[in-house]
Amino acid sequence: MSKKKSATRILNNPSRSFRIFTFGCQMNENDSEKISGMLKALGYVEEMDVNKAGLVILNTCSVRENADERVFGNIGSYKTVKKKNPDLILAVCGCMMQQPEIVNQIVTKYPQVDLVFGTHNLHQFPELLNNYLVNGNRLVEVWDDSDTIVEDLPVDRKYPFKGFVTIMNGCNNFCTYCIVPYTRGREVSRQPDKIIEEVKALVADGCVEITLLGQNVNSYGNDLGEAVNFAALLRDLNTIDKLMRIRFMTSHPKDLTDAVIDAIAACDNVCNYIHLPIQSGSSRVLKAMNRKYSQEDILDRVSAIRKKIPGVAITTDIIVGFPGETEADFLETLKVIELCQFDSAFTFLYSIRSGTPAATMADQIADSVKHERINRCLEVLHQISHDINQSYQDQVVQVLVEETSRNNPERLTGRTRTGKVVNFAGDPEDIGTELMVRITQAKTFSLDGEKIRQEDNNGTAHPDDDPIPATS
Ligand code: SF4
């Protein structure tokens, strides 16, 4: 069967169906929502069964090397899927496609892939798809970089009441373990009026919560002149009527200024929650990681946050076993975790990411040592999470109800303004609304609660009252 023939069949397929698989972070999730939005605008519908879908898109992530292997395994499996569903178009996009050697590998070894595009030319997808459908020839189109962000792409949001808003793309930091600056390019910020316009449109469409996205939101606006910065953006967004929750990620500790902390503290609608990835507590390791801050800087920023933002929750990322990390360095990390009292943390074993400076550093740490350290790290983190969550026991908290619980369809799940997961019995009609919930059981990773009727509230809880978690 020729490609041309296959393309004609797809064109005649009245269902025009697609399935997207997303790997990696929220930036990728947001990109997938845009791909889905563009396809739905073309009349395509979602089809969960890949054996029936007309188009499958794999939106890839390149942060971890073993994620690459998973993606290649996944692409490999489409050889069989295409035997059952020969008209299927397979498209691959995302950060992995920004690496020429990966694209090369796909071109030479994976004939089942029909379309390849990158993060910088995502907006071209409808055009590329159309070209493929007309010509039936495999298409590979990846831009190296881009100094603009294409506005006004349609977005198909997963949740009607909350949405992601990308405020900038790229990163200028070149942490020695990270591939992102090579795949997402240099920082490019969106104009503030475009962001505000998008958020207002989301609110008009029923969104009550937005999450601002960027690799390093604290350096938002550095490329747009002095008047534009993240603190000012938060203050502007805070004035938007009916927008109840503003979240953001990710904050680089070196760029978390007092002005940003003051803005979070002053803005009622900005949630009292900060994800602050420290990666290590050892100044020596932080230097080798090129993070451009020290242990003292971490402690200083966390103390400023706690002083100014009542009831704040702080979460973090920790990499264990970075090349050259000694037992003494690791103990510094444990010390900083104890001092900062993080609500929770994403912990990672350092893994070699080829193409980054750390991949060729001497003193790579043995896996057994990494595993032993991460277990000790988790023990400390879990105890802190448990203790902080205990401070929520019997408190009344404000919960934005997100969905029915995955484990029990009779129960709902939502989040406090501090990002804690709360499970409770409720009515699916409550999804998308904010409710007052009394915490009946505080667990290490989540809270159980019961919805309280307004008349039972007795004025003891204020909508802004999240309990103040334990602090150092
Ligand atoms: S700040 Fe560092 S870890 Fe984060 S995206 Fe940039 S280079 Fe990667």
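# Exercises on sheets, helices and a ligand shell

The model is predicted.

**Exercise 1.** Work out the order and pairing of the open sheet of three strands. Which helix lies across E10 and E11?

*Solution.* 
- Read the order: E7-E10-E11, with parallel pairing.
- Take the pair E7 and E10. Five bridges join E7 to strand E10 (residues 209–213). Phe164 stands opposite Thr211 in E10.
- Take the pair E10 and E11. They also pair in the parallel sense, over five bridges. Leu212 has Phe248 as its bridge partner in E11.
- Place the helix. Helix H8 (residues 230–237) lies across E10 and E11, at about 165 degrees to E10.

**Exercise 2.** Sort the residues of E7 by the way they point. Are they buried or exposed?

*Solution.* 
- Recall the pattern. Side chains in a regular strand alternate between the two faces of the sheet.
- Apply the pattern to E7. Lys162, Phe164 and Thr166 point one way. Gly163 and Val165 point the other way.
- Check the cover. Strand E7 (residues 162–166) is mostly covered, with five of its five residues buried.

**Exercise 3.** Describe how helices H12 and H13 are arranged. What classes of residue make the contact?

*Solution.* 
- Recall what is needed. Two packed helices are described by the angle and the distance between their axes.
- Take both values. The axes of H12 (residues 327–340) and H13 (residues 367–390) come within 10 Å and cross at roughly 10 degrees.
- Name the arrangement. Angles under 35 degrees count as roughly parallel. H12 is therefore roughly parallel to H13.
- List the contact. H12 gives Glu327, Phe330, Leu331, Leu334, Ile337 and Glu338. H13 gives Arg373, Arg376, Cys377, Val380, Leu381 and Ile384.
- Sort the contact residues. Eight are nonpolar, none is polar and four are charged.

**Exercise 4.** Locate Leu447 and decide whether Leu447 is buried or exposed.

*Solution.* 
- Find the element. Leu447 lies in strand E19 (residues 447–451).
- Judge the cover. Its relative accessibility is 0%, so Leu447 counts as buried.
- Look along the chain. Val421 is 26 residues apart from Leu447, yet their C-alpha atoms are separated by 6.2 Å.
- Look at contacts beyond four places in sequence. Among them are Asn389, Tyr392, Val421, Ile439 and Ala442.

**Exercise 5.** Which residues surround the ligand? Sort the shell by class.

*Solution.* 
- List the shell. Its members include Cys171, Asn173, Phe174, Cys175, Tyr177 and Cys178. Val180, Pro181, Gln215, His252 and Arg291 also surround the ligand.
- Sort the shell. Seven residues are nonpolar, three polar and one charged.

Technical notes. Residues are numbered from 1 along each chain as its sequence is written. This is a predicted model: local features need pLDDT of at least 70, side-chain atom pairs count only at pLDDT 80 or more; totals for chains, interfaces and linings use all residues. Side-chain values use heavy atoms; hydrogens and water are left out. A residue is near a molecule or strand if one of its heavy atoms lies within 4 Å of it. Ala, Val, Leu, Ile, Met, Phe, Trp, Tyr, Cys and Pro count as nonpolar, Asp, Glu, Lys and Arg as charged, and the others, Gly among them, as polar. Axes are lines fitted to C-alpha atoms, for helices over the stretch in contact, and angles run from 0 to 180 degrees between N-to-C directions. Helices (H or I, at least four residues) and strands (E, at least two) are DSSP runs, numbered from the N terminus. Angles under 35 degrees count as roughly parallel, over 145 as roughly antiparallel, 65 to 115 as roughly perpendicular and the rest as oblique. Contact means heavy atoms within 4.5 Å. Buried means under 20% relative accessible area, exposed over 50%, partly exposed in between (1.4 Å probe, protein chains only). Two strands pair if DSSP finds at least two bridges between them.
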